[in-house]
Amino acid sequence: MEESQTRARGCFLFLQGPHGPFFKELGAALRSDGHEVWRVGFNRGDERFWHDAARYIPFTGRIEDWPETFRSICAEKRITDIVLYGDTRRIHSEAVSAARAAGITVHVFEEGYLRPFWVTYERGGSNGHSRLMTMTIDGMRRDLPPEAEDQHPPPAHWGDMRQHIFYGALYHFHVMLRNHGYRNFSPHRGITVGREFRLHLRRLLLMPLHRAERFAATMKIRLGRFPYHLVLLQLEHDASFRNHSNFHSMTDFIELCLSAFAEGASQRHHLILKAHPLEDGRAAIPPTIRRIARETGISDRVHFVRGGKLAALLDRAESVVTVNSTAAQQALWRGLPVRALGRAIYAKPELVSDQPLPAFFRAPRRPDIAAYRDFRRYLLDTCQVPGGFYSARGRRLLIPQLPRMMTAPEDPFDTLAADGAAALQQS
């Protein structure tokens, strides 16, 4: 990108980011390009991963005082841009509203829509707040350049798993034991910091046992040779599940899926429920599945798999049901029928079924493969950035690309549209 295509020197205010050093390293990259960078921290974990005391602003007040404090910081520092990870937690949603009112650019990072080898970068909002929610496949096709279709298959595993869990445990260790000075801090996920830390630590320690359980469950499915439908479970505390669906708990979703399967599916079909790779036990998933399967009379046809790679299960699946998991795109890539019960960027008429769930289990409708290929290529040409938040290798790939994207005059969607219009004028 030429110099004329970047904005003038800005002043960036970072809020909360992914656990680990990503925000610190991104801030350093922006400073190297001549921009001013500040960070607001809400607990000792935020402070631990910043390392620039001269540009760190601790927020120690009550959550009710945050909007006014945010506006004061923006006015005093002449903030032009705010940077955050996820846009639904209260401190972020209130900051986004105030920033929009003040004409401040909002940069939102999220886990990749095509994870794990990409991360999501958008302006204004992500997931259910993304501009993608109102875009049509035909509109995306109009902006795509006339080049060969992307053929890179979606990765089969989460990526950066150990680093993700390690940084989560380290972050909550600092919040739990070193949080003096932040007495008003309260976690956005609704459980105590101590329990959050213990869940991360427990997850690390139990990884060998969970691997053995997963192997046994997978072998039972493989040797059974029965046709099956696959349900992708999500983290009950995940922002997409809580804020972009009508479900109040994972139990509600599981109960709906098992009841619909019992009503609509062929007697020879089985149902596999796969846990999220980062499921940490805060929701009682296995006993809930056993109870509901027993109540609906399908215990012998219901199986639970604890995390692990998704590709092998998808290769033999009849269909996939989810709330709004990004992993459903691996199913769409394979041409599998998908039923999404929440709000998702891929929930387009060409891609996901709108059948009632019992009817979907009985005769699921397949997606338009060509439409999904174009949708995926549009994501890769706009808001998906190669790299990762948690591993050093992933950040080395990711961070050099971001300052140019963040200082471009337009967001990735408008940039692609402008490039396409310019190409048409020149042809």
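I began with α10 and α11, which are roughly parallel to each other, a label for angles under 35 degrees. Helices here are DSSP runs (H or I, at least four residues), numbered from the N terminus. The model is predicted: local features need pLDDT of at least 70, side-chain atom pairs count only at pLDDT 80 or more, and totals for chains, interfaces and linings use all residues. Residues are numbered from 1 along each chain as its sequence is written, and side-chain values use heavy atoms, with hydrogens and water left out.

**Entry: α10 and α11.** I looked up the packing of α10 (residues 250–264) on α11 (residues 285–296). The angle is about 30 degrees, and the axes lie 10 Å apart. Axes are lines fitted to C-alpha atoms over the stretch in contact, and angles run from 0 to 180 degrees between N-to-C directions. I noted a right-handed crossing for α10 and α11; that is, the near helix is turned clockwise from the far one by less than a right angle. From α10, M250, T251, I254, E255, L258, S259 and A262 meet I285, T288, I289, R291, I292, A293 and T296 of α11. Contact means heavy atoms within 4.5 Å. I sorted this contact by class: eight nonpolar, four polar and two charged residues. Ala, Val, Leu, Ile, Met, Phe, Trp, Tyr, Cys and Pro count as nonpolar, Asp, Glu, Lys and Arg as charged, and the others, Gly among them, as polar.

**Entry: α3 and α4.** Next I took α3 (residues 66–77) and α4 (residues 90–102). Their axes come within 10 Å and cross at roughly 50 degrees. That makes α3 oblique to α4, the class left after under 35 (roughly parallel), over 145 (roughly antiparallel) and 65 to 115 degrees (roughly perpendicular). The α3 and α4 crossing is right-handed. W66, P67, F70 and R71 of α3 touch I91, E94, A95, A98 and A99 of α4. I found seven nonpolar, no polar and two charged residues in the α3 contact with α4.

How values were computed
Helices (H or I, at least four residues) and strands (E, at least two) are DSSP runs, numbered from the N terminus.
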